[in-house]
Amino acid sequence: MSLPRVVVDGPLAPNILRLLEGQVEIHLWPALDAGLEHVQGLYTYGHPRVDAELIARLPELRVISNFGVGVDHIDLAAATRRGIPVGNTPDILNGATADMAMALLLAAGRRLVEGDRYARGPTFVHYDPGYMLGREIHHSTLGIVGLGRIGTEVARRAVGFDMTILYHNRHRRPEIEAVLPVRYASLAELLAEADYIVLTVPLTPETRGLIGRAEFAQMKPTATLINVARGPVVDTEALTEALLRRRIYAAAVDVTDPEPLPRDHPLLRLENFTVTPHLGSATEQTRQRMAELSVANLMAGLRGEPLPCRVA
Ligand code: DGY
């Protein structure tokens with residue numbers, strides 16, 4: 001009996017290949033362009049754009065399984081119109097992504113990356129108590145934009161740093177307010193009060209460009225912006241201007257728009273800008289759990305069974 005045909009958008013990590021071995025026939029797309037009509041599964045690994053046009057070219061498609069929680073690159077409405085379930089990997093990456101948000105926050109506030117560069121460089125010849133003063137993290141005010149699953153984990157971590165925690169969310173979260181010391185604020189109030197602003201919203205038409213020139217203007221000059229959501233939530237030009245003009249203190253981001261930034265982008269020359277290459281969920285343990293869940297979603301969809309985690 002022939003195995004179901006699955007297309008993937010790039011070479012998969014060995015742990016995922018091991019899970020798929022003997023169960024599906026894997027084809028690299030777009031190399032497979034010619035045989036797309038016989039594809040039953042689409043496994044999205046590195047955020048490829050899956051639009052209505054691509055879905056229309058896959059008449060036998062039974063499931064789309066995404067390695068990751070964010071599905072802004074997939075046209076969910078087009079999949080739903082065809083009755084194709086889309087799976088993702090929520091929850092299991094909350095802790096790792098929240099850890100990353102805290103790592104970026106600590107790194108920016110305490111100038112960790114800049115300090116590392118200096119400590120390795122030729123100009124570090126003696127200790128000077130006056131150099132590289134950062135901003136305090138403990139007892140500062142944190143503003144979480146998007147108190148969803150990851151944002152809530154960030155709040156939990158901030159409690160240990162004695163931070164005052166504000167949050168902004170589409171809907172107020174009384175159930176979280178009941179168990180964590182978080183206070184709801186309007187976006188304007190949060191931007192004006194927070195020392196550290198952490199973005200943990202999904203990318204949607206409403207959140208695209210959420211932080212632009214007007215929002216930077218409302219932040220304190222000592223504020224630091226942390227983005228572990230998606231690059232386009234922040235207007236890159238406005239961010240560049242805010243950092244260049246020292247309108248805010250610093251930014252530390254795991255995601256950018258575009259991603260990656262062009263190698264000659266002015267942001268990459270700024271000391272008050274810290275960037276990591278989309279590592280939010282990148283721990284061995286979390287990526288293994290994501291591999292297992294995304295493969296379980298794929299296999300369930302191919303068998304016509306309910307997906308363990310279905311987003312649409
Ligand atoms: C996610 O889970 O959305 C991460 O960005 C990895 O894809």
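Reader: What is the strand order in the open sheet of five strands?

Author: In this predicted model, the order is E2-E1-E3-E4-E5, and the pairing is parallel. Strands here are DSSP runs of E with at least two residues, and helices are runs of H or I with at least four, numbered from the N terminus. Residues are numbered from 1 along each chain as its sequence is written, and side-chain values use heavy atoms, without hydrogens and water. Local features need pLDDT of at least 70 and side-chain atom pairs 80 or more, whereas totals for chains, interfaces and linings use all residues.

Reader: What makes strand E3 and strand E4 a pair?

Author: Two strands pair if DSSP finds at least two bridges between them. Strand E3 (residues 41–44) and strand E4 (residues 63–66) have four bridges in the parallel sense, so they qualify. Within this pair, Leu 42 stands opposite Ile 64 in E4.

Reader: Why are strand E2 and strand E5 called edge strands?

Author: Strand E2 (25–28) and strand E5 (86–87) each pair on one side only.

Reader: Which residues surround the ligand?

Author: They are His 47, Phe 67, Gly 68, Val 69, Gly 70, Leu 93, Arg 230 and His 278, each with a heavy atom within 4 Å of the ligand. By class, the shell has three nonpolar, four polar and one charged residues. Arg 230 counts as charged and Gly as polar, while Phe, Val and Leu count as nonpolar.

Reader: What distance lies between the polar side-chain atom of His 47 and an oxygen atom of the ligand?

Author: The distance is 2.7 Å. A polar contact is a pair of N or O atoms within 3.5 Å, so the His 47 pair qualifies. An N or O atom in the side chain of Arg 230 is 2.8 Å from a ligand oxygen, and a polar side-chain atom of His 278 lies 2.6 Å from a ligand oxygen. The protein buries 89% of the 230 Å² that the ligand exposes when taken alone (Shrake-Rupley method, 1.4 Å probe).

Reader: Where does the ligand sit?

Author: The ligand sits in the largest pocket, with more than half of its atoms within 2 Å of the pocket's grid points.

Reader: What makes the peptide bond from Asp 257 to Pro 258 cis?

Author: Its omega is near 0 degrees. The bond from Glu 259 to Pro 260 is also cis, with omega near -5 degrees. Pro 258 is found in the loop between strand E11 (250–253) and strand E12 (273–275), and Pro 260 is in the loop between E11 and E12. Most peptide bonds are trans.

Terms used. A polar contact is a pair of N or O atoms within 3.5 Å; within protein, one must be able to donate a hydrogen and the other to accept it, and residues adjacent in sequence count only if both atoms are side-chain atoms. On a 1 Å grid over the protein atoms alone, a cavity is a set of points where a 1.4 Å probe fits but cannot get out, and a pocket is an open set with protein on both sides within 12 Å along at least five of seven lines; lining residues have an atom within 4 Å of a point.
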